[in-house]
Amino acid sequence: MNTELLEALTILEQEKDISKETLLDAIENSLINACKNHFGKADNIKVIMNRETCDYSVFAEKTVVEEVEDDVMEISLANAKMIDSKFELGDVVQIPVESKEFGRIATQNAKNLILQKIREEERKVVYDQYFEKEKDIVTGIVQRYVGKNVSINLGKADAMLTENEQVKGEVFKPTERIKLYVVEVKNTTKGPKILVSRTHPELVKRLFESEVAEVKDGTVEIKSIAREAGSRSKIAVWSNDPDVDPVGACVGMNGARVNAIVNELRGEKIDIINWSDNPAILIENALSPAKVISVMADPDEKTASVIVPDYQLSLAIGKEGQNARLAARLTGYKIDIKNETQAIESGELPKDYMNTQVVEEAEEIVEE
C-alpha cells in the first residue's frame, strides 16, 4: 500500500474538500503527461491505479515486430521472447515504465499538472458553495476599503461591495460583521467573482425570512417590496392562514422582529401593509400612514386616482414625494393624488362635500 500518498490525498480531501477520486485522476493524467514529455508521445501508455491502496503501475504497450522502426511503440520478437517465450509477431507486450527514470523537466511538468488540478478543484468547490447562496443573504466580515469599494471576507472567498451597491451614508469598520445579498456568482479563471449588495430590495425580504418564522415556512408571504435603501422600505404581506395576522407576525411582540431588521439596516424605516387582490384597497394600504377618502383604480391602464383629506396631502405624498413614489412601486400603479379641495374643483367630489363631512363628523361626536 502506498501509505504516504493515501495519507496525503486524505488530508487534501478533508482540508480542501476535493474528492480523492478527482485527485487520483489528476495523478493518472500527470503520469501520462510525464511519459509524453519523456518519450515524445504517450499513445501507448496505460496507467493502472488501485483506488483503495493508491498503488499504481505504468505500462507501455508495444507491438511485437520483426524489425523495430519505433522504439516507443514497437519491440523486436527477440526481446519479446526474452520476456515471455509465448509472444509472437503482432502480439502486444506490456513493458513496465519506472517513473523514477523520468527526467527533471518531465517530473516538474507532472508536478505542475497536479498542482494546477488542485487549484482548479479548489476554485470549483468555492464556486459551487457560493453559487448555492446566489439570491440569498450571507454574513461577511469587513476587511478594508479599496478606494470607494469595500472588501468583504465571506469565509472561503472574498467579495467586493461596490460603491453602487452600498447604502449612501453607511460607513463600515474593519472586522465588522454585516449582512449582504448575493446578487450573482460568476466563475472566472481567478476563482469565483461574487457580487454582493446592501441596497437590493431582496435583502429586506431575506432578512424577514430569517427573522420571521411564519415567512420562512410560507404561512406569511411577502407579495411585494419597494425600497429606497437607507431611508425607507414598504412591504406588502399576505397570510395563507386566516388565524395568522401577517402584519403582526412581521412586526413581532413589541416590534421585536421588525426592529431587529431595522437595526441590521442601520435605522432604515420599514412600513408593513396588508396585501389585497383589490387594487383600490391595496393602494389605500400602500399610502399608509396617510388616510384616504377614495381610490379609483384602472387595472388595464395601471393608473389610479386617489383623493385624500386636505390635511393629509403632505403625508400621503411624503417628504420629497417618497411615500407616493414607494406606494407606486409597491402596487405597480401610477398614482395621482389630490386633496378634497382639488377634487371638488375638478368635479370628482360634489360641491357640498365639505359641508356634508362637517355634518357627519358632528353627528359622530354627538353619538359618542
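Predicted model: local features only at pLDDT ≥ 70, side-chain atom pairs only at ≥ 80, totals over all residues.
Start with Pro289, which sits in the loop between α9 (279-286) and β13. Below are a hairpin, a helix pair and a couple of loop residues worth a look.

**The β13–β14 hairpin**
- Strand β13 (residues 294-298) and strand β14 (residues 303-308) run antiparallel, and 5 bridges join them.
- Asp298 has Thr303 in β14 as its bridge partner.
- The two strands make a hairpin with 4 residues between them.
- In that turn, Lys302 has a positive phi of about 55°.

**Helices α1 and α2**
- Helix α1 (residues 3-16) and helix α2 (residues 20-39) have axes that come within 9 Å and cross at roughly 130°.
- That makes α1 and α2 oblique to each other, and their crossing is right-handed.
- On the α1 side, the contact uses Leu5, Leu6, Leu9, Thr10, Leu12 and Glu13; α2 answers with Lys20, Leu23, Leu24 and Ile27.
- Sort the residues of this contact by type and you get 7 nonpolar, 1 polar and 2 charged.

**Positive phi in loops**
- Thr175 isn't a glycine, yet its phi is positive, near 75°.
- You'll find Thr175 in the loop between β7 (158-161) and β8 (177-188).
- Thr175 counts as exposed because its relative accessibility is 65%, and the cut-off for exposed is over 50%.
- Glu320 also has a positive phi without being glycine, near 55°.
- Glu320 belongs to the loop between α10 (313-317) and α11 (322-331).
- With 71% relative accessibility, Glu320 counts as exposed.

Terms used. Residues numbered from 1 in each chain as written. Heavy atoms only, no water. Axes fitted to C-alpha atoms, helices over the stretch in contact; angles between N-to-C directions. Parallel < 35°, antiparallel > 145°, perpendicular 65-115°, else oblique. Left-handed = near helix turned anticlockwise from the far one by under 90°. Contact = heavy atoms within 4.5 Å. Nonpolar A, V, L, I, M, F, W, Y, C, P; charged D, E, K, R; others polar. Pairing = 2+ DSSP bridges. Buried < 20%, exposed > 50% of the residue type's maximum accessible area, 1.4 Å probe, protein only.
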